[in-house]
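Trainee: I would like to learn how to read the features of a model one by one. Please start with how strands pair.

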Amino acid sequence: MRLLIFTLSLLVAVVRSVDASQCPEPPSGFGPCVITDANCLTDSECSNGQICCPHLCGKICKDKVSLTVVKPGTCPSNAAISCFVGSVADTCSSDSDCPGNQKCCNLCGKNCSPPQGSAPQLPPIGLPAPPPVCPPVCAIACEYGNVLDQNGCPTCSCKKTPCKGEAPLTLDRNGNTINCGRGGVRCPLNSECKIHPADAYALCCPIEPDDPKPGVCPKLPNPLPRCLIFQNDCKQDSECPGDQKCCSVTCGIGCIDPVKLCPVVDCLQYCEFGYRLDSNGCQTCQCKKSPCEDEAPMTLDSTGNTINCGRGGVRCPSNSECKIHPADRYAVCCPKVCPPVCEIYCEFGNVLDENGCKTCKCKKSPCEDGAPMTLDSNGNTINCGRGGVRCPLNSECKIHPADRYAVCCPKVCPPVCAIYCQYGNVLDENGCATCTCKKTPCKGEAPLTLDRNGNTINCGRGGVRCPLNSDCKIHPADAYAVCCPKEPSPVCKFGSCPVPPSSFLLRCASIDRCKYDSECEGTKKCCKHPCGRQCRDIVKSKPGVCPKKADPTLVLCKRRGDDCYEDATCPGSQKCCQGACGNACMDPRLTSTDHAGTCPALDPKIQSLILCASLDTECELDSDCKVDQKCCKDYCGIKCVKSVPKPIIKKGTCPRLRYRCRRKRRDFCRSDGDCPGDRKCCRLPCGYKCRRPKRIPIIRKECPAVNTHPIYKLFCSPPLNPPCQVDRDCPQGKICCPGVCANRCLKAPTKPVCDPNPCGDAQIKCQYGQTKDENGCLLCQCKSYDFKMS
């Protein structure tokens with residue numbers, strides 16, 4: 001008896017330790033248990049896929065329960081049923097083991113029994129329900145398919161749309177269907193693309209709304225930034241994990257945490273600019289320090305007081321905006337807040353808008369206001385960084401804080417005082433406006449030209465003409481129109497400029513202190529200098545020309561420096577010339593060694609066809625070339641070429657023939673030297689030919705003009721002395737000139753002696769020519785534009 005009790009307790013412990021998740025529910029019964037050979041301890045002792053499951057008297061091998069189906073209805077009561085020993089047996093484990101609508105009930109074991117009440121008949125468990133038999137349908141073609149009845153059979157009606165429930169299609173702004181297929185347009189918000197399996201259609205249908213999750217989507221920033229890439233990660237809240245909601249984000253639609261609903265807070269204190277918000281956007285009882293965004297400090301005036309920018313107040317300064325309370329409790333100036341910008345890399349930074357905020361556009365250059373960078377003569381960017389090239393005039397070096405670039409940019413003037421100047425502001429040495437007003441609009445603030453009464457002359461449209469030696473100065477917007485004295489023409493002073501020092505020895509800003517010699521005091525001249533044009537003392541230059549400067553890249557300099565600055569510091573006939581290593585005394589080259597002949601003419605047709613990679617300079621004077629060569633301009637620079645004899649120009653002019661040439665012939669000559677005798681090579685309609693020249697009567701400029709009209713000869717009387725024929729017939733100091741009645745001897749005019757070089761060794765180039773004195777001699781002064789017009 002003790003052995004039986006020990007065995008039963010061991011079996012109960014084993015039963016409790018086995019996982020019976022796939023076993024049927026054990027039956028309930030009464031009476032003693034009998035241990036048979038069918039008992040088991042583990043699943044390995046069972047066969048045919050059975051498992052070891054708990055039973056009344058231990059464990060027995062049973063089939064696995066694959067599907068549990070609870071049929072409708074309730075099992076009958078087993079209170080009135082008496083079970084005998086040996087009659088307790090299980091014939092089912094669940095309702096799925098029973099046929100029809102019978103249920104698996106506890107009736108002296110688990111047995112199949114009809115439920116109480118009526119229940120519909122179900123198909124056998126484990127077999128699929130037979131498909132409904134659909135009647136034949138009408139032979140019609142429906143674009144979106146047929147409408148289905150309650151059994152899922154097609155009817156003779158066509159669907160109006162492919163959307164669920166035949167919902168209307170999503171249309172564009174023009175009311176047209178949206179094609180969202182492959183390569184089509186993306187469907188708008190709250191819509192999805194419905195594509196036919198055979199690509200018969202691809203249309204946008206509205207999304208069926210689902211049950212929204214609790215919470216509110218957060219507000220988007222205003223204004224929205226410009227996005228390059230849009231995301232659509234969800235369409236409904238059900239597609240988001242956890243408590244997240246499908247909300248509109250900065251660049252599309254995505255799953256984000258909702259905003260929690262805030263509790264009602266009653267604060268006892270009054271806050272002028274409102275209450276602060278917590279991390280969830282809910283109100284707290286702490287006061288804001290300012291109404292500006294993120295409680296930024298308010299913009300103050302120069303005195304440090306708050307600016308009242310409300311109705312009738314002061315305008316906010318730059319980069320600030322007026323923040324007005326809806327009930328006019330305050331109106332203060334706040335700094336402008338920039339919206340978020342696109343995540344793009346810009347080498348020179350982003351372009352700023354009118355509020356000073358970054359945009360999605362990149363700057364083309366690091367210069368102020370996106371001005372173009374200063375380029376060299378070849379159109380390349382100048383590297384002006386550490387060890388680079390110096391920027392040219394009116395430019396400054398712009399270096400990145402991290403040394404990413406170092407380029408030359410035009411100089412930008414600083415902001416000027418907000419004062420009104422009638423004639424504009426005075427400019428500094430960099431050409432920037434200062435806080436001083438011009439007294440007159442004339443150059444150099446010269447006084448205005450006044451009338452006899454001392455009043456300003458109005459010379460604008462419909463006004464008075466300015467007097468002599470005055471010009472009318474008109475404002476671009478017609479703000480004024482006054483008479484200013486004419487600017488004196490540039491005067492070239494006698495003498496030569498000293499040799500400028502080498503640029504690599506100086507570090508200075510290139511600023512022009514003068515433009516013309518007339519702007520310099522006394523005998524000083526406006527000369528070139530590495531630091532800009534400056535007024536320098538003139539020097540006496542020695543005859544000759546400095547030799548050609550050697551290429552600095554081909555010369556190895558032992559020392560870089562200047563040994564001289566003017567010709568007077570050099571011994572003998574040597575001149576102070578620029579060399580590869582600095583200024584040095586060198587033997588000059590004489591300019592009078594011109595070789596015989598002339599340079600050959602260049603064919604303009606060939607010149608238009610040649611594209612030169614670079615312009616080379618092989619020589620400067622004829623002495624640099626061989627005896628039979630000259631230093632001439634070639635198609636691609638200046639080179640030594642073989643000279644040609646000077647063309648012979650004979651007296652007279654070619655006759656002018658007016659006729660058309662039907663067929664052009666060859667040229668019989670090229671110059672007057674190809675023609676015999678006194679004939680000239682003339683250009684005729686059919687080519688160049690030798691023709692007799694047309695003689696021009698020689699008129700002596702020394703004799704006065706005479707009116708030779710025949711009516712004047714009626715009053716002529718016989719001359720007392722015989723008329724002269726040539727100058728030798730007249731006494732000394734007189735010449736023979738034609739008269740009205742006969743030739744007569746007149747006093748010869750004295751020819752003035754003019755200076756052949758009025759400007760000395762200096763060279764002057766005048767656009768309208770040089771002026772002359774009363775004797776007709778050239779002066780070292782250029783004609784003005786007004787002189788040419790007169």
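Trainee: In which sense do strand β10 (residues 245-249) and β11 pair, and over how many bridges?

Mentor: Two strands pair if DSSP finds at least two bridges between them. Strands here are DSSP runs (E, at least two residues) and helices are runs too (H or I, at least four), numbered from the N terminus. β10 and β11 pair in the antiparallel sense, over 5 bridges. A hairpin through 2 residues joins β10 to β11, and Cys-247 has Gly-254 in β11 as its bridge partner.

Trainee: What should I know about the model and its numbering before going on?

Mentor: The model is predicted, so local features need pLDDT of at least 70 and side-chain atom pairs count only at pLDDT 80 or more, while totals for chains, interfaces and linings use all residues. Residues are numbered from 1 along each chain as its sequence is written, and side-chain values use heavy atoms, with hydrogens and water left out.

Trainee: Which strand pairs with β11 (residues 252-256) in the parallel sense?

Mentor: Strand β9 (residues 231-232) does, over 2 bridges. Gln-231 has Gly-252 in β11 as its bridge partner. In a regular strand the side chains alternate between the two faces of the sheet.

Trainee: How many helices and strands does the chain have?

Mentor: There are 3 helices and 36 strands. Of the 790 residues, 26% are buried; buried means under 20% relative accessible area, exposed over 50%, and partly exposed in between (1.4 Å probe, protein chains only). Take contacts (heavy atoms within 4.5 Å): among those between residues at least 6 apart in sequence, 40% join residues at least 24 apart.

Trainee: How many salt bridges does the structure hold?

Mentor: Side chains of opposite charge can pair when their charged atoms come close. The criterion is a side-chain nitrogen of Lys or Arg within 4 Å of a carboxyl oxygen of Asp or Glu. The structure holds 7 such salt bridges. One of them joins Asp-95 to Lys-103, with the closest N and O atoms 2.9 Å apart.

Trainee: Are Asp-95 and Lys-103 buried or exposed?

Mentor: Asp-95 counts as buried because its relative accessibility is 8%. Lys-103 is buried too, at 6%. Another salt bridge links Lys-575 with Asp-567, the closest N and O atoms being 2.8 Å apart. Lys-575 is buried at 8% relative accessibility, and Asp-567 is buried at 6%.

Trainee: What is the closest N and O distance between Asp-678 and Arg-692?

Mentor: In that salt bridge the closest N and O atoms are 3.8 Å apart. The pair links distant parts of the chain, 14 residues apart: Asp-678 lies in the loop between β30 (637-642) and β31 (680-684), and Arg-692 in the loop between β32 and β33. Asp-678 is partly exposed at 35%, whereas Arg-692 counts as exposed at 54%.

Trainee: Which residues form a nonpolar patch on the surface?

Mentor: Patches use residues with over 30% relative accessible area and no salt bridge, joining like charges within 9 Å and nonpolar side chains (Val, Leu, Ile, Met, Phe, Trp, Tyr) within 5 Å. Ile-711, Tyr-712, Leu-714, Phe-715 and Val-740 form this one, with about 580 Å² of accessible area together, by the Shrake-Rupley method with a 1.4 Å probe; for residues, only the protein chains shown count as cover. Tyr-712 sits in the loop between β32 (687-691) and β33 (734-737). Tyr-712 counts as partly exposed because its relative accessibility is 43%.
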